[in-house]
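User: I'm new to this structure and would like to learn how to read it. Could you walk me through a few features?

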Amino acid sequence: MEMLISPSLLAADFSRLDRETAAIQAAGADMLHLDVMDGHFVPNISFGMPVIASLRKCSSLFFDVHIMISQPQRYLEDLAKAGADLITFHLEAEGNPGETIDAIHRLGLKAGISLRPGTPAETVFPWLEQADLALVMTVEPGFGGQKFRGEMMPKVAAIRREADRMDRKDLVVQVDGGVARDTIGLCAQAGANCFVAGSAIFGKEDYAAEVSLLRQLARQAAGE
Ligand code: DX5
Ligand code: ZN
């Protein structure tokens with residue numbers, strides 16, 4: 001399975017977003033994770049469409065947009081216009097998840113569903129066939145730099161098992177929160193193949209070295 005690294009821009013220097021984005025692309029990242037927060041679904045505010053649209057003009061990276069917002073359906077079209085390639089919304093937000101996935105697909109984008117730590121794996125099963133990606137949050141969404149929650153690994157494994165059972169080998173299982181050198185292997189062993197890392201990458205001097213090391217640790221742990 002391909003192991004994908006998605007650095008989270010939330011940990012970047014916000015006064016130099018163009019340079020940070022270019023550096024992440026040059027570092028060989030598979031995509032860029034963009035965390036949109038509304039101060040309502042989560043108790044924090046990050047950035048929104050204007051920032052994504054500006055970065056779209058100067059980057060050809062795949063934009064992995066994680067929306068931690070209420071009423072996600074209201075903003076799908078604007079996010080598509082801004083340049084999102086994948087939109088991952090929260091299962092706990094308003095609306096029928098199947099309809100939200102359909103709406104994202106109609107815009108020509110990939111669709112992901114995210115689960116807060118307290119949301120059981122089984123709640124996402126009915127939507128796995130339609131979704132391109134399932135995101136298991138390994139911290140409570142809202143802030144970067146939190147401690148990794150290892151107790152989410154059985155959830156990752158349960159989702160991967162269900163995807164295999166459904167013959168959805170192509171389902172991307174993503175983890176987000178506290179993913180770093182010492183935790184990425186656990187995630188890969190459990191069945192994740194896409195790894196969001198904020199502070200673990202932007203906190204380092206050499207982004208390229210860190211992206212390569214994380215990818216290598218994930219491959220090793222998955223036995224590849
Ligand atoms: C948290 C965000 C994450 C965050 C991860 O709500 O969804 O993407 O940037 O940050 P780290 O990798 O520092 O835990
Ligand atoms: Zn995120």
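User: Where is the place of Gly118?

Analyst: This is a predicted model, so keep that in mind as we go. Find the strands on either side: Gly118 is in the loop between β5 (110–115) and β6 (133–137).

User: And is Gly118 buried or exposed?

Analyst: A residue counts as exposed when its relative accessible area is over 50%. Gly118 has 71%, so it is exposed.

User: How far apart are Gly118 and Ile52 in sequence and in space?

Analyst: They're 66 residues apart in sequence, and 29 Å apart in space, going C-alpha to C-alpha.

User: On to the ligand. Where does ligand 1 sit?

Analyst: Ligand 1 sits in the largest pocket. Look around it and you'll count 20 surrounding residues, with Ser8, Gly142, Asp176, Gly198 and Ser199 the closest.

User: Which strands supply at least two residues each of that shell around ligand 1?

Analyst: Those are β2 (32–37), β3 (63–68) and β8 (194–197). The largest share comes from β2, with 3 residues.

User: How do the residues of the shell divide into nonpolar, polar and charged?

Analyst: You get 8 nonpolar, 10 polar and 2 charged.

User: Which polar side-chain atoms lie by an oxygen atom of ligand 1?

Analyst: For a polar contact, look for N or O atoms within 3.5 Å of each other. One from Ser199 lies 2.5 Å from a ligand 1 oxygen. The side chain of Asp176 has an N or O atom 2.7 Å from an oxygen of ligand 1, and for His33 the value is 3.4 Å.

User: How much of ligand 1 does the protein bury?

Analyst: Taken alone, ligand 1 exposes 380 Å², and the protein buries 99% of that.

Definitions and conventions
Residues numbered from 1 in each chain as written. Chains lettered and ligands numbered in written order. Predicted model: local features only at pLDDT ≥ 70, side-chain atom pairs only at ≥ 80, totals over all residues. Heavy atoms only, no water. Near = heavy atom within 4 Å. Polar contact = N/O pair within 3.5 Å; in protein donor to acceptor, adjacent residues only side chain to side chain. Areas by Shrake-Rupley, 256 points an atom, 1.4 Å probe, with all protein chains shown as cover. 1 Å grid on protein atoms, 1.4 Å probe; cavity = no way out; pocket = protein on both sides within 12 Å on 5 of 7 lines; lining within 4 Å. Sits in = over half its atoms within 2 Å of the grid points. Helix = DSSP H or I, 4+ residues; strand = E, 2+ residues; numbered from the N terminus. Nonpolar A, V, L, I, M, F, W, Y, C, P; charged D, E, K, R; others polar. Buried < 20%, exposed > 50% of the residue type's maximum accessible area, 1.4 Å probe, protein only.
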